[in-house]
Amino acid sequence: MELLELAEGNLMRRKKTFDVTDRAAIAGEWEGAGLSQGEWARQHGISSRTLRNYLRRYRPARHWDAELQALASRAIEALNAIINEMRGEAPRPAGQGLTEPVQHGRKFNWDD
């Protein structure tokens with residue numbers, strides 16, 4: 001980090017500037033570094049807020065998105081099976097959600 005001398009004799013820090021490639025690298029390497037965001041930001045001469053902005057903008061896509069979707073689908077199917085059992089209905093084939101709103105195991109009446 002460079003220091004610039006002002007006319008009055010005070011010293012001021014000159015902010016580091018990073019190009020898009022640097023920003024993406026800083027964001028992409030943070031999770032594997034094993035450091036807090038504050039520690040990682042300090043090591044790279046940026047604020048925690050700037051790091052959070054880099055992460056939001058440049059972080060690579062997460063690999064668990066497909067896994068999370070599959071987990072959510074299984075959870076929804078299990079909940080649908082519980083609702084069907086409470087209604088006394090036969091189980092629905094996988095992938096078929098509820099066709100009507102349900103409240104406490106009975107059909108929901110919008111007029112209640």
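Modeller: A residue counts as exposed when its relative accessible area is over 50%, and as buried when it is under 20%. Bear in mind that this is a predicted model.

Biologist: Is Glu 31 buried or exposed?

Modeller: The cut-off for exposed is over 50%. Glu 31 has a relative accessibility of 52%, so Glu 31 counts as exposed.

Biologist: Which residue does the side chain of Glu 31 meet in a salt bridge?

Modeller: Side chains of opposite charge can pair when their charged atoms come close. A search of the whole structure finds 1 salt bridge. In that bridge, at 3.8 Å from N to O, the partner of Glu 31 is Arg 59.

Biologist: How many residues apart in sequence are the parts that this pair ties together?

Modeller: Glu 31 lies in helix H1, while Arg 59 lies in the loop between H3 and helix H4. The pair therefore ties together parts whose separation in sequence is 28 residues.

Biologist: What kind of aromatic pair do Tyr 54 and Tyr 58 form?

Modeller: Both residues are buried, and they lie 4 residues apart in helix H3, about one turn of the helix. Their ring centres are 6.2 Å apart, with 75° between the planes. Planes over 60 degrees apart count as edge-to-face, and the pair is edge-to-face.

Note on methods. Residues are numbered from 1 along each chain as its sequence is written. This is a predicted model: local features need pLDDT of at least 70, side-chain atom pairs count only at pLDDT 80 or more; totals for chains, interfaces and linings use all residues. Side-chain values use heavy atoms; hydrogens and water are left out. Rings of Phe, Tyr and Trp (its six-membered ring) pair if their centres lie within 6.5 Å; planes under 30 degrees apart count as stacked, over 60 as edge-to-face and the rest as tilted. Helices (H or I, at least four residues) and strands (E, at least two) are DSSP runs, numbered from the N terminus. Buried means under 20% relative accessible area, exposed over 50%, partly exposed in between (1.4 Å probe, protein chains only). A salt bridge is a side-chain nitrogen of Lys or Arg within 4 Å of a carboxyl oxygen of Asp or Glu.
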